[in-house]
Amino acid sequence: MVSWRRRPGPCLARLWGLCCLVLGCWPSALGCPASCGCSSWRIWCTGSSPGIASFPVPQRSAEGDNVTEIYIANQPNLESINDNEVGFYVGLKNLTVVDSGLRFVSRHAFVKNVNLQYINLSRNKLSSLSKKPFRHLGLSDLILVDNPFKCSCEIMWIKKFQETKFYTETQDLYCIDDNNKKTALLDMKVPNCDLPSANLSNYNITVVEGKSITLYCDTTGGPPPNVSWVVTNLVSNHESDTNKNPASLTIKNVSSMDSGLEISCVAENIVGEDQASAELTVFFAPNITFIESPTPDHHWCIPFTVKGNPKPTLQWFYEGAVLNESEYICTKIHVINQSEYHGCLQLDNPTHLNNGAYTLLAKNDYGEDEKRVDAHFMSVPGDGNGPILDPDVYEYETTPNDLGDATNNSNQITSTDVSNKEDEDSITVYVVVGIAALVCTGLVITLIILKFGRHSKFGMKVHGEVKGVGLVDQIWLSLQDCDNEEQVMVAVNSDVHNNSTASDNNRLGFVLFHKIPLDG
């Protein structure tokens, strides 16, 4: 049997060549460091010849933003990781440097790599390692096996870190003492080598604006720790003394702008560090920093900003009188930022009755402040001074109680009340007209009966005969009006049966009057 293999056609060969070209140009397209391989998310440097002598950095800084993993191995000439080298890879999560000549890691090496979770520095030449490069990282793994650490206070933090992270089963860390004896790191004992601690004299700092206050920080640790105060963004004048224990911080003429600021005392030695923090609370009188004429929004709003601590009470006045707040006119606070309150006086469908001067009064235990603003919502209807902005708003009418005494809220009128009142008035009109029509009809009938029912003026003559038509008899009567000499023909329908009695014949039905002139 003859075996055969399909040879690639010209199109497939060209496609393969294009792929090889793209892959071959990929590292340079990304600005990949020399002697390393690169992808869009990973950099690896594993070849020992020619190898790298410094930590790889991208040729263009923006190209390192998407890199999440760097793997370096078998690089005997790589001895240090210096400041800002790893900082080009801000998205870095995993870093591995193993089987290399690494001896030193800068204290600021990972300042910008806040996303780092995994670091493996195994089988290098590290004899000491500071905690500073790692203290701000939320590491899940820090692997340091097979490094020639020297038993000293400087690596005590690794022992504490190992105990905290429960690495006793996964890492066998050792150090070499002064007698060149290999000792398990967990059994290392170094005299005068303790983690520092910091304690504040007051963790609830309260002061009135304009006053001064002094805060003390007591520290312990071996070697004795260095003390520093963290007072970032503190506006008030301040001075510190860290040469004594306890260290002190004095804040003079405290400003209200510092209310809510956090103040920290940091104690640090080669073993590690500790920090104690407190929040500064400043009491001060209210200050209305912003108020503006009303603006139309979902509701009309008079915006304002008030600062004060403790929280001030707010009261509005309209034309000098206390403003009675209700569901139609009320104060709303939208944003609270420390001791600053942003809100507005909200008005639903205000009319010309709401035009005028509005005054805001803010008050607390330390003082008060007030500001006035003039509001014009619409012109008075029919005064010819300007158009009505929205005629529909007249469906709502502001009552005097919304602008005056707050003791009575029973007379508020809503648009629903007005509509119901109009419907009731329409029904009343129809009923009155109907009754009037009935009364008029009754009066007309009464006048007719009175006119033709006076026997002294009528002579009754029968000009006809009774004709029986079935069950109905027609009786034609001739009534003569003696005064007007007119005749009235009356047709009376009566149900008469052959066997009816006299009383039955007196039952009259419908009476129709026809007024006929005598000469006709």
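Mentor: We go from the overall make-up to one strand and then to one residue. Note that this is a predicted model.

Trainee: What does the secondary structure of the protein come to?

Mentor: The protein has 4 helices and 32 strands. Of its 520 residues, 37% count as buried. For contacts between residues at least 6 apart in sequence, 56% join residues at least 24 apart.

Trainee: Is strand 21 mostly covered or mostly open?

Mentor: Burial is read against a cut-off: under 20% relative accessible area is buried. In strand 21 (residues 300–309), 9 of the 10 residues are buried.

Trainee: Which strands pair with strand 21, and in which sense?

Mentor: Strand 19 (residues 273–291) pairs with strand 21 in the antiparallel sense over 5 bridges, with F284 opposite N309. Strand 25 (residues 340–347) also runs antiparallel to strand 21, joined by 8 bridges; there T305 stands opposite H342. Strand 20 (residues 295–296) is an antiparallel partner over 2 bridges, and T295 stands opposite C301. Strands 20 and 21 form a hairpin with 3 residues between them.

Trainee: Now a single residue. Where is the place of N82?

Mentor: N82 is in the loop between strand 4 (80–81) and strand 5 (94–98).

Trainee: What is N82 in contact with, leaving aside neighbours within four places in sequence?

Mentor: N82 is in contact with F104, S106 and A109. Its C-alpha atom is 7.7 Å from that of H108, 26 residues apart along the chain. The side chains of N82 and S80 are joined by a polar contact of 3.4 Å.

Terms used:
Residues numbered from 1 in each chain as written. Predicted model: local features only at pLDDT ≥ 70, side-chain atom pairs only at ≥ 80, totals over all residues. Heavy atoms only, no water. Buried < 20%, exposed > 50% of the residue type's maximum accessible area, 1.4 Å probe, protein only. Contact = heavy atoms within 4.5 Å. Polar contact = N/O pair within 3.5 Å; in protein donor to acceptor, adjacent residues only side chain to side chain. Pairing = 2+ DSSP bridges.
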